Amino acid sequence: MHESFIDRSRIAYFSMEIALRNDISTYSGGLGVLAGDTIRAAADLELPLVAVSLVSRKGYFRQEFDEGGRQIEFDDPWDPAQHATPLEAKVTVPIEGRDVWVGGWLHVLVGHMGGRQPVILLDTDLPENLGADRELTHYLYGGDASYRFKQEIVLGIGGTRMLRALGYRLRQYHMNEGHSALLTLELLRRHAYAAENLRPGEQRYDIPRVRTLCNFTTHTPVEAGHDQFSYELVQRVLGDFIDIATLQSLAGPERLNMTHLALNLSEYVNGVAKRHAEVSRLMFPGYHVRSITNGVHPASWTSAGFAKLYDAHLPGWCCEPELLARADRIADAAIRDVHQQAKERLIERVRAACGVALQPHRPILGFARRMTAYKRPDLLFSDLDRLKAIARRHPFQIVLAGKAHPRDDEGKRLIETLHAHRRELHDVIPIAFLPNYDLDTALTLVSGVDVWLNTPLCPLEASGTSGMKAAFNGVPSLSVLDGWWIEGCIEGVTGWAVGNCGASEDDAQSLYEKLENVVLPLYDGNGDDRSGWIAVMKGAISKNAAYFNSHRMMRRYVAEAYMR
Ligand SMILES: *Cc1c(COP(=O)(O)O)cnc(C)c1O
């Protein structure tokens, strides 16, 4: 079975996290969901791709809350044997002077059109290895800097060696974020000149050749967000895998910066939205950073009701989502009814999980994402009196969800704060906080709410994708103009903008004004006439779902990066 993939796969896609299915916790947030959507789109489009990641047996974590609204974390293990077959090949990577064995699993992602994509999940939990080395592929983003660096050796160097051992003959490598950038070092060693042919001072590695093989997508618009390792650590762990002078010239003089390494060894580099590419160009002067704006996978992010509606009116939309541009021809009543069904499902889920009773005919604002400071989940609650006053005039309800990284203390504090606001506001604004945000919860939320809220601190949202998912379900966004929304927002047509990329107080004011004067009055409509609102729902589908989808994204990666 694996042979059929080996003969045809020519592009290797590396990602530290990939959201494969809801019951496999090998992702922490948007980066992993994007990687999953990339592979799902590749399956639909039958692209010759092979994905590589770590098996992360212990998963990311499962989230619950205590009575105080504090996040409690549990291991969220999965059994690879249930979803994958063991690979025959094993390779080694050098770690602290010893050979660590890397085996792995083949997971076949089967698309809804029947396309099949191989996903290689690397695993060091083998009897050949010492105790600590066996745990290297257990925890996604776990441990300290040394654990992380070793994981990145397994992913980048181990992954590249594994593909060769399995017999893949690859023409392109794609690094989804910098975690896998050590793969470039393995490629440099493969494309090195024999030492005896070199004159003094001559470069030992064929850097131009390696650059033709590599593509790099950056996702992080802040310098501090990029993985960096001290050369002291690098030399202790990686030894003389590659000489330190070469490494410093490629990855930075003071610390090994994975983003710089990837930038210097990739001919094709892109950011994940137009604005993000601009920010990245300022951050990395001298590099040609292009942009391919992210997209989400149509079949995965459309509720069953809308999928049926699109099937009836726009057959083929799943693989050719451009067809959704014609969604404004679907009858208002059909759009309204299908959305109402999705809303009832969300209300039922909220009732079961949180014991909160939401009203089906009042608007629901949804906010769910990784809980971390720059996403500002508390912006909506900056002035509780104001928020209450708005709710007295135009009643609304709120559903929240999101995990904080176990070591992100500020993110965890935000979760507690949101729970405190929920208690404080409960007699005026019904608020529910759904635990354990995952793919399933995300679909229920983005399809069941009426407005999708996003209030990050600009320009820190590289793209954002959950608003695109909402668009597939006719749910407009109310969002700060950052990331994809700069491209997606047509005021009053696809949703609404918050603020002007300025100070936080201004953003909060702008958010309240939009809610009070524009969004909620439009929802309430004119007597029985809800056509104004439904026009915006259709705008979200026909203008945004038609464009911000993974099929457009992957066709562009093929045409502009892989086939350059
Ligand atoms: C889509 C998704 C994200 C990313 O959403 P953003 O809007 O980019 O923050 C994170 N987690 C889950 C479970 C998702 O489905």
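A cavity is a set of points where a 1.4 Å probe fits but cannot get out, and its lining residues are those that have an atom within 4 Å of a point. In this predicted model, a search of the whole structure finds two cavities of 30 Å³ or more.

The largest cavity holds about 50 Å³ of space, and it is lined by Tyr 13, Leu 34, Thr 38, His 174, Asn 176, Thr 217, Met 553, Met 554, Tyr 557 and Tyr 562. Two or more of these lining residues come from each of helix H2 (30–45), strand E9 (172–176) and helix H21 (550–562), and H21 gives the most, with four residues. When the lining of the largest cavity is divided by class, six residues are nonpolar and four are polar, while no charged residues are found there.

The second largest cavity contains about 30 Å³ of space, and its lining includes Arg 369, Asn 454, Trp 452, Trp 484 and Trp 485. Strand E18 (451–454), helix H17 (466–472) and strand E19 (477–480) are the elements that give two or more residues to this lining, which is made up of three nonpolar residues, five polar residues and one charged residue.

By class, the lining of the second largest pocket has five nonpolar, five polar and two charged residues.

Note on methods. Residues are numbered from 1 along each chain as its sequence is written. This is a predicted model: local features need pLDDT of at least 70, side-chain atom pairs count only at pLDDT 80 or more; totals for chains, interfaces and linings use all residues. Side-chain values use heavy atoms; hydrogens and water are left out. Ala, Val, Leu, Ile, Met, Phe, Trp, Tyr, Cys and Pro count as nonpolar, Asp, Glu, Lys and Arg as charged, and the others, Gly among them, as polar. On a 1 Å grid over the protein atoms alone, a cavity is a set of points where a 1.4 Å probe fits but cannot get out, and a pocket is an open set with protein on both sides within 12 Å along at least five of seven lines; lining residues have an atom within 4 Å of a point. Grid points are joined across faces, edges and corners, and a volume is the space filled by probe spheres set on the points.
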